[in-house]
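Subject: Structure for your files

Hello,

Here is the structure I promised, with my notes below it. Please read them with the coordinates open.

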Amino acid sequence: NTVKIGTQVWMVENLRTTKYNDGSPIPNVTDKETWANLKTDAYCNYANLESNAEIYGRLYNWFSVNTGKLAPAGWHVPTEDDWTILENYLIANGYNYDGTLDEDKIAKAICAKTNWASSSEAGTPGAAPENNNSTGFTALPCGYRDNHFGTFYDIGKYGNWWSSAENDENYAYFRRLGYNYLDLCRNLNSKGYGFSVRLVRD
């Protein structure tokens, strides 16, 4: 499934592949200590449950993103520019929850109507979720896996999506949505974290 937003075409679901585009397998690392010490490519399912992968997609560390082989032909992991283009288009075209055209308040417009924890703050995905997803982007709160203890966190509350851009040898950029956030937050974190991946068309 895909959705066209401005000049871009995005996949509507998070990546679930267990193989690279050359057919080689991506290592599935379930053990907590092994995940925490990885400096190589890997994926996992949240809480190591296949049922979570079916809903939320799989979690990949940035080393797997950096192989350049996650996406099928014609698609790629979004660059920093790709994410910025999406943000700027939505802000400029009235997708902020309050209709303003300057600050980033686009979270509701790109979050799914279901699975988000409840929030009392107006304009967040967890408040009046029936009004979410005016773009069709359908972001879900898929949680993450840290690289300190290999622990899983925040399913139902937060979602995190890698960009293909690194900051330095240890950190890379990602985007974050939360049940109580107004915006699509830009941040960086250790390359060993397990985050979701959403593809955009070349």
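Lys 105 is buried, at a relative accessible area of 14%. (Buried means under 20% relative accessible area, exposed over 50%, and partly exposed in between, with a 1.4 Å probe and protein chains only.) Its side chain meets that of Asp 98 in a salt bridge, 2.7 Å from N to O. A salt bridge here is a side-chain nitrogen of Lys or Arg within 4 Å of a carboxyl oxygen of Asp or Glu. Asp 98 is partly exposed, with a relative accessible area of 34%.

Before the rest, the ground rules. This is a predicted model, in which local features need pLDDT of at least 70 and side-chain atom pairs count only at pLDDT 80 or more, while totals for chains, interfaces and linings use all residues. Residues are numbered from 1 along each chain as its sequence is written, and side-chain values use heavy atoms, with hydrogens and water left out.

More on charge pairs. The count of salt bridges comes to nine. Side chains of opposite charge can pair when their charged atoms come close. One of the bridges joins Lys 191 and Glu 166, at 2.5 Å from N to O. Lys 191 sits in the loop between strand S10 (185–190) and strand S11 (200–201), and Glu 166 belongs to strand S8 (residues 158–166), so this pair ties together parts that are 25 residues apart in sequence. Helices (H or I, at least four residues) and strands (E, at least two) are DSSP runs, numbered from the N terminus. Lys 191 is buried, with a relative accessible area of 5%. Glu 166 is partly exposed, at 45% relative accessibility. There is also a network: Glu 80, Glu 87, Arg 175 and Arg 186 are joined into one by salt bridges that share partners. Another bridge links the side chains of Glu 13 and Arg 16, at 2.9 Å from N to O. Both ends are partly exposed: Glu 13 has a relative accessible area of 38%, and Arg 16 has 28%.

Now the overall picture. The protein has five helices and eleven strands. Its radius of gyration is 16 Å, close to the 17 Å that the globule rule gives for 202 residues, so the protein is as compact as a globular protein of that length. That radius is taken over C-alpha atoms, and the rule is 2.2 Å times the number of residues to the power 0.38. The C-alpha atoms fill a box of roughly 45 × 35 × 30 Å along the principal axes. Of the 202 residues, 51% count as buried. Among contacts (heavy atoms within 4.5 Å) with a separation of 6 or more, 59% are between residues 24 or more positions apart. The protein exposes about 9,000 Å², of which carbon and sulfur atoms supply 47%. Accessible areas come from the Shrake-Rupley method with a 1.4 Å probe, and for residues only the protein chains shown count as cover.

Strand S1 (residues 2–5) runs antiparallel to strand S2 (residues 8–11), joined by four bridges. Two strands pair if DSSP finds at least two bridges between them. Thr 2 stands opposite Met 11 in S2. Two residues separate the strands of this hairpin, where Gly 6 takes a positive phi near 65°. In a regular strand the side chains alternate between the two faces of the sheet. S1 has a covered face, Val 3 and Ile 5, and an uncovered one, Thr 2 and Lys 4.

Cys 142 has Ile 155 in S7 as its bridge partner. Six residues lie between these strands, and Gly 150 takes a positive phi near 70°.

Last, two loop residues. Asn 45 lies between strand S3 (43–44) and helix H2 (50–56). Asn 45 is buried, with a relative accessible area of 6%. Its side chain makes a polar contact of 2.7 Å with that of Arg 58. (A polar contact is a pair of N or O atoms within 3.5 Å; within protein, one must be able to donate a hydrogen and the other to accept it, and residues adjacent in sequence count only if both atoms are side-chain atoms.) Beyond its neighbours within four places in sequence, Asn 45 is in contact with Glu 50, Ala 53, Arg 58 and Phe 152.

Lys 69 lies in the loop between helix H3 (62–65) and strand S5 (75–76). Lys 69 is partly exposed, at 26% relative accessible area. Lys 69 and Ser 24 are 45 residues apart in sequence and 9.5 Å apart in space, C-alpha to C-alpha.

Best wishes
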